[in-house]
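Please look through the sequence and the structure below before reading on.

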Amino acid sequence: MNPLNPFAEPARVVAVALNPALDQTIEIAGLQPGAVNRALRMQVDVGGKAVNVASCLSDFGVNAAVAGQLGRDNAALFEELFQRKKIANHCCYLDGLTRVNTKLVDTVSGDTTDLNMPGPEFDPAAAADLLQQVLERLGRLVERTASWVVLSGSLPPGLPADVYATITARVQAAGVSVLLDTSGAPLKAALAAGPRIVKPNRHELAELLDRPLDSLEALIAAGRELLAGSLAPEWVVVSLGGDGALFLTREHAVQAQALRVAVTSTVGAGDAMVAGLVAARLEDLSLTETAQLATAFAAAKLTRLGPHLPRPAEVRALAGQVVVSAID
Ligand SMILES: Nc1ncnc2c1ncn2[C@@H]1O[C@H](COP(=O)(O)OP(=O)(O)OP(=O)(O)O)[C@@H](O)[C@H]1O
Ligand SMILES: [Mg+2]
């Protein structure tokens, strides 16, 4: 039993949240930099990619856990979400605040200005200690019921770029599968450790391969490049925002069109897609069905502000509407 959340069910998926965040959205009519601005409204949502993934999985009825770190001083909103969604909380509590990312929404121009914080600073000893604790917690969860570990999001300053690589190697050696969704140096390092699935978006893939990917052919070739080699992932999913996503295995490749839905917020669409990918793998769905379910998760999330999905039956109904075509 998880002492921090006695109502949580044994987790089938663990999302690793090394740099969670609270998202603060402030609405201002006509933002003026350098002046005193009177804001209209503020809302604070629990966020960070791994927490978003766990939240969407839980809404779909998949028991999830979060392992990582939280700042003690503003942990209450995370704890409330975890309790409400029966997500097992295996986070280490650190002194201070979890970072707060601010979105300034100008209701006149329609522009959003993002102010993203880096996260807490780790010295080498603290970084090693956090990694050790996360590995221990993952070890216990994997030994019991978890069969997937999701590594998503950025790393706070001071954590070495290879922490996702270390976690990938360790948990996959214990027989579970890793889905990786990050960018930059952590993506490059962890890919070399052979995660089962990787989900870059167009920009993350272009940055990884250090070349522009401005046509569908270039994107497909880039995805296939990731599938080559001995420790290559089994699945590569390249998400393309409103243009849908590519789903590639060594044998097959398909393209899924995005669903046309009334968009409330695009924040976390990729995280919902990651949750859908894992849900589909847990059900051992085909490539086409996986593309449909993952796209439906993303579309369902787009209609809501936070990392929340409608009832599973609604998500499955959306999946049936997703158009998937084979790529040769
Ligand atoms: N404007 C949109 N309209 C319809 N579907 C969208 C839109 N934006 C995103 N999606 C859906 O969400 C999926 C993932 O989106 P995207 O490629 O933007 O992920 P991402 O860049 O990883 O996002 P993030 O990391 O911010 O959550 C897309 O493949 C698509 O199915
Ligand atoms: Mg993303």
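## Contacts of the ligand

Which polar backbone atom is 3.5 Å from an oxygen atom of ligand 1? In this predicted model, the polar backbone atom belongs to L240. A polar backbone atom of D271 is likewise 3.5 Å from an oxygen atom of ligand 1, and a polar side-chain atom of K199 lies 3.1 Å from an oxygen atom of this ligand. Taken alone, ligand 1 exposes 630 Å², of which the protein buries 82%.

## The shell around the ligand

Ligand 1 is surrounded by 19 residues, and the closest of them are K49, N201, S239, G241 and G270.

Helix 8, which spans residues 269–282, and helix 9, which spans residues 287–302, each supply at least two residues of the shell. Helix 8 gives the most, with four residues.

Strand 6 covers residues 100–106, and because five of its seven residues are buried, with buried meaning under 20% relative accessible area, the strand is largely enclosed by the rest of the structure.

Strand 2, made of residues 21–28, runs parallel to strand 6 and is joined to it by seven bridges; here D23 stands opposite N101 of strand 6. Strand 7, made of residues 112–115, pairs with strand 6 in the antiparallel sense over four bridges, and T112 in strand 7 is the bridge partner of V105. Strand 6 and strand 7 form a hairpin with five residues between them, and in the turn G110 has a positive phi of about 85 degrees.

Note on methods:
Residues numbered from 1 in each chain as written. Chains lettered and ligands numbered in written order. Predicted model: local features only at pLDDT ≥ 70, side-chain atom pairs only at ≥ 80, totals over all residues. Heavy atoms only, no water. Near = heavy atom within 4 Å. Polar contact = N/O pair within 3.5 Å; in protein donor to acceptor, adjacent residues only side chain to side chain. Areas by Shrake-Rupley, 256 points an atom, 1.4 Å probe, with all protein chains shown as cover. Buried < 20%, exposed > 50% of the residue type's maximum accessible area, 1.4 Å probe, protein only. Pairing = 2+ DSSP bridges.
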